[in-house]
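Hi there,

Here is the structure I promised to pass on to you.

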Amino acid sequence: KNLKKYYGESANIFKRNPSVVKAVDGVSFTIHQGETFGLVGESGSGKSTIGKSVLRLSSITSGEVLYNGQNLHGLSKDEMRTLRPKIQFIFQDPYSSLNPRIRIGDAIGEALLDHGLCSKSEVRQKVLEVLEVCGLATHHIDRFPHEFSGGQRQRIGIARAIILQPDFIVADEPVSALDVSIQAQIINLFSKLQKEKQITFLFISHDLSVVEHLCSRIGVLYLGTMMELASRDDLYSNPLHPYTKALLSAVPIPDPTLKRERIILKGDIPNPADPPKGCKFHTRCPFATDICRAEVPEFREVEPEHFVACHLV
Ligand code: SF4
Ligand code: MG
C-alpha cells in the first residue's frame with residue numbers, strides 16, 4: 001500500500017537531494033489468496049525491490065505491506081521469525097544462495113531444523129518428499145550443488161522454499177537465467193505447485209511471455225511506478241498503456257494470422273536518479289503531448305479491475 005523505497009536519502013534528509021533514487025515510488029496492489037500475481041518491467045523498474053520489501057528482506061521508506069491484515073514492517077523480530085516459514089523467497093540464481101560445501105539434502109532440510117518444524121530423524125524423509133515433488137531424483141540428496149545443472153539448481157531452490165509449506169512465495173525472475181527449453185520445465189513445475197499446494201505467488205519477471213503462462217493478474221512497472229494493472233486476459237487482449245503495448249508488441253504470437261501493432265520504444269530507460277517529470281514514460285512514449293511532460297497521470301480504474309496511469313486513456 002503506497003510502498004516507497006528511496007535510496008541515498010539519509011545523507012540529506014532535509015533538503016531536496018538530486019541523487020535520491022526512487023526505486024519504488026508509491027506502488028499499491030493486492031494479491032488474492034491462491035492466485036499468482038505477475039510483476040513485470042525492465043531492469044531498474046523496481047520489481048526486485050518490491051519483492052524483497054514485500055517479504056521484509058529489505059527495509060522500506062514508507063508505506064505498508066499488509067499480510068492477512070498485519071503490517072509486516074510493523075512486526076517485531078520475534079513475530080517476524082514466527083511468520084518467516086510461511087513466506088518464502090525464490091531467487092533468480094539459486095546457486096549463489098547454496099553453500100558449495102553443503103550437500104543439497106542438508107541445504108534443503110536446514111530451515112526445517114532452524115525453525116524447529118521437525119526432528120532430525122524426520123528431516124531426511126521430508127527432503128526426499130520435496131525432491132520428488134520438484135522433479136529431482138531422490139538419489140541426488142547427498143550430492144553437492146556443483147553437480148547440478150542450472151535447471152536442477154532452480155528445482156533445489158524451489159524445494160528449499162516449499163519444504164516449509166509456505167502460504168506465500170515471492171519468486172524473483174526464477175527462470176531468467178535458464179535456457180528456454182529448461183524455462184518451460186520450471187514454469188511447468190510452478191504451475192503444478194499452484195494446483196497441488198495452493199500457494200499464493202508473487203512472480204517477478206521482465207518477460208511477458210513467461211508471466212502469461214502462470215499469472216492470473218499482472219502489474220506493469222516502469223521506473224518504480226505502476227503503469228497498468230489488469231487480469232491476464234484483459235492485459236493481453238486489451239492493453240491500454242502505451243508502455244504495455246510496446247512490451248507486448250515485442251512478444252511473438254504463435255499464430256501468424258494474428259498481428260499486433262509493433263511499437264518500437266525510443267532510447268533507453270532513463271536514469272532512475274533523475275526520472276522525467278510528469279509521466280515518467282514520456283521520453284519514450286510515441287503518444288506524448290504537453291500534458292504528459294507536465295503532469296503525473298493518476299493511476300485509476302478505467303474498466304472494472306483494469307487500472308492504468310496515462311493521460312491518453
Ligand atoms: Fe504516453 Fe502521455 Fe500516456 Fe505517459 S501519459 S504513457 S507520455 S500518452
Ligand atoms: Mg531484479
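Helix 3 passes helix 5 in a right-handed crossing. Please keep in mind as you read on that this is a predicted model.

Let me stay with that pair of helices for a moment. The axes of helix 3 (residues 104-114) and helix 5 (residues 150-162) cross at roughly 30° and come within 7 Å. Angles under 35 degrees count as roughly parallel, and helix 3 and helix 5 are therefore roughly parallel to each other. On the helix 3 side you will find Ile104, Ala107, Ile108 and Ala111, which meet Ile156, Ala159 and Arg160 of helix 5. By class, this contact has 6 nonpolar residues, 1 charged residue and no polar ones.

Helix 5 also meets helix 6 (residues 180-197): their axes come within 9 Å and cross at roughly 20°. That angle makes helix 5 roughly parallel to helix 6. Here, too, the crossing is right-handed. Helix 5 contributes Gly150, Gly151, Gln154, Arg155, Ile158 and Ile162, while Ile182, Gln185, Ile186, Leu189, Leu193 and Lys197 come from helix 6. The contact between helix 5 and helix 6 has 6 nonpolar, 4 polar and 2 charged residues.

Now for the ligand. Which residues come nearest to ligand 1? They are Cys279, His282, Cys285, Cys292 and Cys310, out of the 13 residues around ligand 1. Sorted by class, the shell around ligand 1 has 10 nonpolar and 3 polar residues, with no charged residues.

Key
Residues are numbered from 1 along each chain as its sequence is written. Chains are lettered from A and ligands numbered from 1 in the order in which they are written. This is a predicted model: local features need pLDDT of at least 70, side-chain atom pairs count only at pLDDT 80 or more; totals for chains, interfaces and linings use all residues. A residue is near a molecule or strand if its C-beta atom, placed from the backbone, lies within 6 Å of it. Ala, Val, Leu, Ile, Met, Phe, Trp, Tyr, Cys and Pro count as nonpolar, Asp, Glu, Lys and Arg as charged, and the others, Gly among them, as polar. Axes are lines fitted to C-alpha atoms, for helices over the stretch in contact, and angles run from 0 to 180 degrees between N-to-C directions. Helices (H or I, at least four residues) and strands (E, at least two) are DSSP runs, numbered from the N terminus. Angles under 35 degrees count as roughly parallel, over 145 as roughly antiparallel, 65 to 115 as roughly perpendicular and the rest as oblique. A crossing is left-handed if the near helix is turned anticlockwise from the far one by less than a right angle, and right-handed if clockwise. Two residues are in contact if their C-beta atoms, placed from the backbone, lie within 7 Å.
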